Amino acid sequence: MTDTRIKPIVMPKWGLSMAEGKVTGWLKPEGTAIAIGDEIVEVETDKIAGVVEAGDAGVLRRTLGTPGTVYPVKALIGVLADADVPDAEIDAFVAAFAVPEEAGAGEEAAGPRYEFVDTPAGRLRYARRGEGEKTVVLVHGFGGDLDNWLFNIDALAGAATVYALDLPGHGQSDKAVGEANLAFLSGALIAFMDALAIPRAHLVGHSMGGAVASASALEHPERVASLALIGSAGLGPEINSGYTDGFVAAGSRRDMKPVLEQLFHDPGTVTRQLIEDILKYKRLDGVDSALTALSANLFPAERQTHVLADRLKQTDAPILVVWGETDRVIPAAHAGALEGRATVEVLPGAGHMVQMEKSGRVNELLLDHLKR
Amino acid sequence: MSITSPMQTADGALSNNPIPLEKDALLAAYRTMRTIRDFEERLHVEFAKGDIPGFVHLYAGEEACATGIMMHLTDSDRIASTHRGHGHCIAKGVDVEEMMAEIYGKSSGSCRGKGGSMHIADLSKGMMGANGILGAGAPLICGAALAAKCRGDGGVGITFFGDGAANQGTVLESMNLAAVWNLPVIFVLENNGYAEATSVTYATGVDNFLDRAHGFGLPGVSVDGTDFFAVHKAAGELIAKARAGGGPALLECKMVRFYGHFEGDSQTYKAKGENDFNRLNRDCLKIFADRVTAAGIVSDAEIALMDREVANLIDDAVSSAKSAPQPTPQELTSDVYVSY
Amino acid sequence: MSRTLSFKLAINEALDLEMRRDPSVILLGEDIVGGSGSPGEMDAWGGVLGVTKGLYGKHGNRLMDTPLSESAYIGAAIGAAACGMRPVAELMFLDFMGVCFDQILNQAAKFRYMFGGKAKTPVVIRAMVGAGFRAAAQHSQMLTPMFTHVPGLKVVCPSNAYDAKGLLIQSIRDDDPVIFCEHKNLYASEADVPAEPYAIPFGEANVVRDGRDVTIVSYGLTVHRALEAAQTLSKRSGIEAEVIDLRTLSPIDWDTVIESVENTGRLVVVDEANPRCSIATDVAAYVAQQAFGALKAAPQMVTAPHTPVPFSPALEDLYIPSADAIAAAVLKTHPQALAA
């Protein structure tokens, strides 16, 4: 019988591909009182380094995960409990803890990791999670893919049917990008929704994906229930072309690393595997020309071609704006562009990839936003 | 017919057959042969002065072969040449000034001074390179012919090799490959009687090279290589057949080498008076000029005019080669992957 | 779309995709189709180990079985490359270079430089390398250093299916001759391989394991032995080895090697080739010259012994550098770990 006052901290599962993770360091010592959302322990996967945030409150009674050691997903790495729970009970809990078996054959039961759908904008890859009445579509940014939502998609799946797609030219979708402009990308998003018979969705866009979502909302207001714009393009004129140009130009690990480091508040987040995965994408035929064309059309010379803030102010759908305070790609000042019209939150200690770096808080904000 | 020694005069060199070419073509043929001759004679002189680096192998005496064959080709037909390649280059249309500059090792050379006499090439003219490796051109020209066949562009490939390289495995393997794939290749055996200093009669197990062709299932034709018209006619037939998909063939041109294997060769292995005899009796240029003037198609004055023009061309080529700049030190490491 | 694919099928897919993309890509080799002219079925073999199996059905006569005549068909591939095709020739076993080396060494490798940058030779020569197949002395050698010694050649030796596909596509698109070495004992190994075409640039080593204590540099099969050794060392001695897969030996990614050694201060090079004048000596010498100040211990080399490859499994198993030998070499760079 498990004492409900004792809460396990387990190795998280970030996305379906994650099987294990390495504890890299505890952010709180044993004995610390923890509130929900507090950052407790740092974990690194072969893809990315992240922070486990508390899902429960309590005193951090045990830090079992040894830094530098790899644990399987759902392995016990720490224990939270009320201060008055005796040590003996906690030891018994630890001794009795068993990694829960996944229902069925794991991935198969959860459906395939990815699916593909043919649209007029090409064959697009997407992931689908959850069965909620509401529909959420997650739209990644320039050079990104659906895995940019690794820390968000499962959290949102409890409240909605969540789709994350690879835009044309990105991830494993077709690499043709038409005129390589915002209209093509937002058209592709609508085509994606058409192909999957999604009449109306809450659009969540990151960076360039924010501009894509915004353009879709402006062109097809009837299809967009709400907008969540994260570190979004389209809200102000400035953009760090050093990042976008560098991303397009870099062909080697050494060139790519400093470029990707600009994405994060903590450059240490960029692992060797993350760089290698990006390079694997960039090596695919057609990617270079797609990114070159998109970058030239959307972000020429430190300027964004489309600033949609004023038009967005004229729309009715709820808008959430989230930014990482130390965003080095699109300045956090742009968060103010929809002040008064949107719910705006700028998160400290996060850079451009705020939805990964502060996933717990971003997920909370998104779930609140969906309730509106 | 047995393998001829250079002292023998081939039959039919001054045949009385009607001349099958128009005057313009005859003038062009003469100009090419004269250009090769003057180019080589001048190199003989200049080399002795010590201005030319390395070594050169002269084609003088063999001009009718290169010229008679190349007149059937366009720039999109390919040839693979030999160490004795100046004549092939000139007949295939490589720029004479650039060739001379290349032989002087200058940056204005055909290969920017990086190839030299033995590696002059101009792919834009279908000249795939002189070659310092005997017999190496045969597999390469199979590839060129294969490329033409894949593209269906009707192109042919000609590989030249001497009686020495005729014994290289590459040549024999290539004859087989060309037969197996029915490639549009003509194997041109330039038999001047000497592999460097060794006689063809010593170094070859068969009495007749055509037996080699037959052994690989190739038709073979042997002609007097000092007779431009004989070469031109035989080559024309074989090339037309190959172009039309009729497959490869061997063309043996029996000819004479006025100079040694390379410049500086004392040629003591030759018979006494052999070079003089050949100059007098087996000079393909003289044979050609005599025949076209005797037929009244080309006048002595026209020949003399062309001789002067060619002499001027070679003079200009030598003086411009001499005054051309050396390659810059950066040229040492350009045009190749350099990792250090 | 990405899925698990074997090294062998990754190569097959690379050839298929490039043949679809570029009509100038053709395949030549002994039994790469298999059954040509025979009474039974075509595509009987698809290469001796079935690497090209099925491509005949998709691309027909763009795959050509050759006579057992390496000089001729390797040379033909090179000649066709010089004439605008992008041939991929299969040499079956790299050991067979002995019968066609002139075409690689003196022809393909030289054209671009020797012709002053005016020629390109986009040929790929695929061949099996390496021991462990009980194939004895003439079918098992790791002859990579023979080719890295030659300027003008590019030398590739992938360690996994993902790299095999991307490096082969790059090889076909590259304008220089590429020697593409396929370790026969890797053919069955599997990796995640995108279905789309992609090219891995040359001269970009892959850091396959991060580590702070020692740099292990290798390529081909022995990358896996190095990883095995690294895992053992991590568990037993707490030594964290950084493992670098060179991927391409010419060009070679010196920057990644030097950067790593500057971090770790220690170097072990693992090379399946014989020890003299090998990739191992090359890397050790370069690091000693460029990063001497960073070295905390003498660089170590783990190579095959200086013997031919033996036949007996008992002996051959001793021939290829083992994970134990690599771990032992790493410990030599950590005297304090040895003492403990």
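Buried means under 20% relative accessible area, exposed means over 50%, and partly exposed lies in between, with a 1.4 Å probe and protein chains only. Helices (H or I, at least four residues) and strands (E, at least two) are DSSP runs, numbered from the N terminus.

This is a predicted model, where local features need pLDDT of at least 70, side-chain atom pairs count only at pLDDT 80 or more, and totals for chains, interfaces and linings use all residues. Residues are numbered from 1 along each chain as its sequence is written, chains are lettered from A and ligands numbered from 1 in the order in which they are written, and side-chain values use heavy atoms, without hydrogens and water.

Let's start in chain A. Strand β12(A) covers residues 161-165. Are its residues buried or exposed? Five of the five are buried, so the strand is largely enclosed by the rest of the structure. Look at the side chains. Thr161(A), Tyr163(A) and Leu165(A) point one way. Val162(A) and Ala164(A) point the other way. All of them are buried.

Now the partners. Two strands pair if DSSP finds at least two bridges between them. Strand β10(A), residues 122-129, runs antiparallel to β12(A), with four bridges joining them. Here Arg128(A) stands opposite Tyr163(A). Strand β11(A), residues 135-139, pairs with β12(A) in the parallel sense over five bridges. In that pairing, Val139(A) has Leu165(A) as its bridge partner.

Next, how the chains meet. Contact means heavy atoms within 4.5 Å. Which chains share the most contacts? Of the two pairs of chains in contact, the answer is chains B and C. Chains A and B have no contact, and their closest C-alpha atoms lie 17 Å apart.

On to chain B. The secondary structure of chain B is twelve helices and seven strands. The radius of gyration is taken over C-alpha atoms, and the globule rule is 2.2 Å times the number of residues to the power 0.38. For 340 residues, a compact globule would come out near 20 Å; chain B has 19 Å, which agrees. Its C-alpha atoms fill a box of roughly 55 × 50 × 40 Å along the principal axes. Buried residues make up 56% of chain B. Of the contacts in chain B with a separation of 6 or more, 75% come from residues 24 or more positions apart.

Chain C now. Chain C has 13 helices and 14 strands. It also has 340 residues, and its radius of gyration is 20 Å, in agreement with the value near 20 Å for a compact globule. The C-alpha trace of chain C spans about 65 × 45 × 45 Å along its principal axes. Here 64% of the residues count as buried. Residues 24 or more positions apart supply 80% of the contacts in chain C with a separation of 6 or more.

Let's go inside chain C. Strand β4(C) covers residues 86-93. Eight of its eight residues are buried, so this strand is largely enclosed by the rest of the structure. Strand β2(C), residues 25-29, pairs with β4(C) in the parallel sense over five bridges. Gly29(C) has Glu90(C) in β4(C) as its bridge partner. Strand β5(C), residues 124-129, also pairs with β4(C) in the parallel sense, over four bridges. There, the bridge partner of Phe93(C) is Met128(C).

Arg225(C) sits in helix α8(C), residues 222-237. How exposed is Arg225(C)? At 25% relative accessibility, Arg225(C) counts as partly exposed. Not counting residues up to four places away in sequence, Arg225(C) touches Ile320(C), Pro321(C), Ser322(C), Ala323(C) and Ile326(C). Val268(C) is 43 residues from Arg225(C) in sequence, and the two are 13 Å apart in space, C-alpha to C-alpha.

Last one: Asn206(C). It belongs to strand β9(C), residues 206-209. Asn206(C) is buried, with a relative accessible area of 11%. Leaving aside neighbours within four places in sequence, Asn206(C) is in contact with Glu276(A), Asp163(C), Val243(C), Ile244(C), Asp245(C) and Arg247(C). Asp253(C) is 47 residues from Asn206(C) in sequence and 9.3 Å from it in space, C-alpha to C-alpha.
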